[in-house]
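Please keep the sequence and the coordinates in view while reading the numbered points.

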Amino acid sequence: MGSRADTRSAGPAITLDLRVGDGTGRRVHTAALRVQLRIDPRPRRYSAAETARLADLFGEPERWGETLQPLQLATVPVLTPSFVGSVTVPVTVPLTYDLDIAAARYLHSLDDGEIPLLLLFSGTLFYAGDAGVQVGLVPWHEEAAHGLPVGVWRAAMDAFHPGGGWVRLRRDTLDRLSAYRSAHTLPTWDDALERLLKEAGDG
């Protein structure tokens, strides 16, 4: 399975090249799939810096045996063309940089390496049978794994948020921050936040 940043989408997204196969030799008119993508953080090794950034998500490392649980990334529909044997279809996966979402916080915390993805499938097959078009269900146990390079995720985010991120604030907090920025004639939001951090002794 290949993966790449999708720079033609309306927002941050990646594209996975998913191979769908049927070993019966029959013609599959189409497979209407529901693909659930999860991040499985357990197989991956983490640097000291990554471990520190993930503390608010998973707690202290000594608890990770209990707290490292899969994170929901997305659920997307996939419709294949007609095929016999197998076909490769692109799967577009939308992403978010909303750091209130656990998966986004996890991805933002990684420096390099791979993101362990688990793909779970359900759906319906429409195939050629002796009596015409037949319908069957995709078994629930069907799944696939993919190591998504962190660089691919970062390229997808940089296409829309180059060198930056996104933090959602309450409207009243944003109003107060805006007033602070204006009162101190600070040119950017970064300048306002950096000044506040310095005043708090964290800069």
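Leaving aside its neighbours within four places in sequence, which residues is Leu-73 in contact with?

1. Leu-73 is in contact (heavy atoms within 4.5 Å) with Leu-37, Arg-38, Ile-39, Val-93, Leu-95, Ala-103, Leu-107 and Leu-117, once neighbours within four places in sequence are set aside. The model is a predicted one, in which local features need pLDDT of at least 70, side-chain atom pairs count only at pLDDT 80 or more, and totals for chains, interfaces and linings use all residues. Residues are numbered from 1 along each chain as its sequence is written, and side-chain values use heavy atoms, with hydrogens and water left out.

2. Leu-73 also belongs to the largest nonpolar core, where it is among the residues with the most contacts, together with Leu-37, Ile-39, Tyr-106 and Ile-115. This core has 45 residues. Such a core is a set of buried Ala, Val, Leu, Ile, Met, Phe, Trp, Tyr and Cys residues joined through side-chain atoms within 4.5 Å, where buried means under 20% relative accessible area with a 1.4 Å probe, protein chains only. Among the elements that give two or more residues to the core are β3 (27–39), β4 (71–79), α4 (102–108) and β7 (114–129); helices (H or I, at least four residues) and strands (E, at least two) are DSSP runs, numbered from the N terminus.

3. Strand β7 deserves attention for its pairing. Two strands pair if DSSP finds at least two bridges between them. β3 and β7 run antiparallel and are joined by eleven bridges, with Leu-37 opposite Leu-119. β7 also pairs in the antiparallel sense with β9 (residues 143–149) over seven bridges, and there Leu-118 faces Ala-145.

4. Tyr-127 has Gln-134 in β8 as its bridge partner, and a hairpin of two residues joins β7 to β8.

5. What is the volume of the second largest pocket? The value is about 300 Å³. Of its 17 lining residues, Val-20, Gly-21, Leu-33, Val-138 and Glu-142 are the closest to its centre. A pocket is an open set of points on a 1 Å grid over the protein atoms alone where a 1.4 Å probe fits, with protein on both sides within 12 Å along at least five of seven lines; lining residues have an atom within 4 Å of a point. A volume is the space filled by probe spheres set on the points, which are joined across faces, edges and corners.

6. β2 gives the most to this lining, with four residues.

Technical notes. Buried means under 20% relative accessible area, exposed over 50%, partly exposed in between (1.4 Å probe, protein chains only).
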